[in-house]
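Subject: Structure for your review

Dear colleague,

Please find below the structure I am handing over to you.

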Amino acid sequence: MTAETIPMARPVFSRRQVHAVAACYFVASFAALGLPPYFTEILPELGDSTARWAGVLYVVPTVFSAIAAPMWGRLADRFGRKRLLLRAQLGLAVSFLLAGWADSLTMFTAALVLQGILGGTFAASNGYLGAALEGPRLSKALTLMQGSARAALVFAPIVVGTLSPWMSPHRQYALLALLPLAAALLLAALPEPGEGATAERKEQAEPVDVAPVAALRRLYALEFAFVFSTVISFPYLISLVEERLPDASAALSGLLFALPHLCYLVSAMAVHRAIRTRPRHGIALGFALIALGLAGHGVADTLPTLIAVRLLLGAGLTLGMVGLSVLAADCARGRAPGGMFGSLEFFSKAGAVAAGVTAAVGSARFGPAAPVLIGGGIAALTVFAILLPPHPRTRWSH
């Protein structure tokens, strides 16, 4: 029996335990997602007066998280998912403390490198849940985890901005280190997946029907394409809004940025119920709406049209994320979840890094509308790839 196909009697977590894991990820993500938008204010305090390194430092944790995620996933399968999830939370706390205490650009950069290497709470949380749940219960839990990420992305910058008059964003890193520490304390009370399985249940456990490797590869490719086509619009959206709506306030620009993520928070569970038995159709429709929404960004020049294309992008983002969660749950059957979700995180982070680099180059050469048009083109091509008849041995759903 290989490490990739392990039959196991998985104890079923209660809804409260799943919600506890999602809540821990939400609070631990506050500094990681809420403070990078304020790098332009942090870096002048560290000697970079023009904040010229902000773009590079923005992706530093992502790059090192992509490199480290598969390794941490395999270690979780070997030494215990709960232990490695606790390690990820404590690793975030240490890196945030170092970032808050940094007194030079070099030390701050080293703290961000450590954040990427020692963190990885999303992949660790998914691997932990994947060891205890399967099928629709796992895909629903993964959908909830994505909701935690969206919620942190929306609310964390608001909280950081609210605290800024009393404490600089730089020093808030040290304050927000308390959040992953609190999450670790809560997670310590949760069981290790597999502890609740009795000897009788383990004997009765039968080898499961594992999804073919081709399905896993397709999942990785779709994850990369999805993250690339959506994240590419993030860095320069505010510039695009300011270009199209010169009188727009910062609050309005922030709301337009948040609209797609708010769509996910409102509708993700309903979408999960609708497409959990046909994820291929949901993902194809999601990429189509992303392509249309991003193309619309290229021509939208009034507030109503910008709201419309942001909502269209939000619908596509929701369908795509939920569909990918269903596929991930299907591919996790019988596989060691730590390694699988660690590898999935690698492709997700790789897509984000590629999107950031492409957005920077495209925006510098062709203006702030270039990233959304490039992302729309990639999404449209992915729709055609999805609609091609799958290999006979590739399964899209249960």
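The protein chain has 17 helices and zero strands, where helices (H or I, at least four residues) and strands (E, at least two) are DSSP runs numbered from the N terminus. The model is predicted, so local features need pLDDT of at least 70 and side-chain atom pairs count only at pLDDT 80 or more, while totals for chains, interfaces and linings use all residues. Residues are numbered from 1 along each chain as its sequence is written, and side-chain values use heavy atoms, with hydrogens and water left out.

Of the 398 residues in the protein chain, 53% are buried; buried means under 20% relative accessible area, exposed over 50%, and partly exposed in between (1.4 Å probe, protein chains only). Among contacts with a separation of 6 or more, 86% join residues 24 or more positions apart, a contact being heavy atoms within 4.5 Å.

Nonpolar cores

A nonpolar core is a set of buried Ala, Val, Leu, Ile, Met, Phe, Trp, Tyr and Cys residues joined through side-chain atoms within 4.5 Å. The largest has 63 residues, and those touching the most other members are Leu129, Leu219, Phe226, Phe287 and Met340. Helix H15 (residues 303–331) gives the most to this core, namely ten residues. A separate core of 24 residues includes Leu46, Leu57, Phe108 and Val113.

Beyond residues up to four places away in sequence, Leu129 touches Phe13, Val18, Val21, Leu138, Ala141 and Met145. Ser125 is found in helix H6 (residues 121–130) and counts as buried at 1% relative accessibility. With neighbours within four places set aside, Ser125 is in contact with Val21, Tyr25, Leu85 and Met145.

Gly320 is in helix H15 and is buried, with a relative accessible area of 1%. Leaving aside neighbours within four places in sequence, its contacts are Phe226, Ile283 and Gly286. Gly320 and Leu285 lie 35 residues apart in sequence and 7.8 Å apart in space, C-alpha to C-alpha.

Helix packing

Axes are lines fitted to C-alpha atoms, for helices over the stretch in contact, and angles run from 0 to 180 degrees between N-to-C directions. A crossing is left-handed if the near helix is turned anticlockwise from the far one by less than a right angle, and right-handed if clockwise.

Helix H3 (residues 54–79) and helix H5 (residues 105–118) have axes that come within 6 Å and cross at roughly 35 degrees, in a right-handed crossing. The contact of H3 with H5 has eleven nonpolar, four polar and no charged residues; Ala, Val, Leu, Ile, Met, Phe, Trp, Tyr, Cys and Pro count as nonpolar, Asp, Glu, Lys and Arg as charged, and the others, Gly among them, as polar. Its members include Phe64 and Trp72 in H3, and Phe108 and Leu112 in H5.

Helix H11 (residues 213–231) and helix H16 (residues 337–366) pack at an angle of about 30 degrees with their axes 8 Å apart, and this crossing is also right-handed. The residues of the contact divide into 14 nonpolar, four polar and one charged, including Leu219 and Glu223 in H11 and Met340 and Phe347 in H16.

In helix H12 (residues 237–244), the buried residues are Leu237, Leu240, Val241 and Arg244. They lie on the same side of H12 because they cover an arc of only 100 degrees around the axis, the arc being that of the directions from the helix axis to the C-beta atoms. Their cover includes helix H13 (250–275), helix H14 (279–297) and H15.

With kind regards
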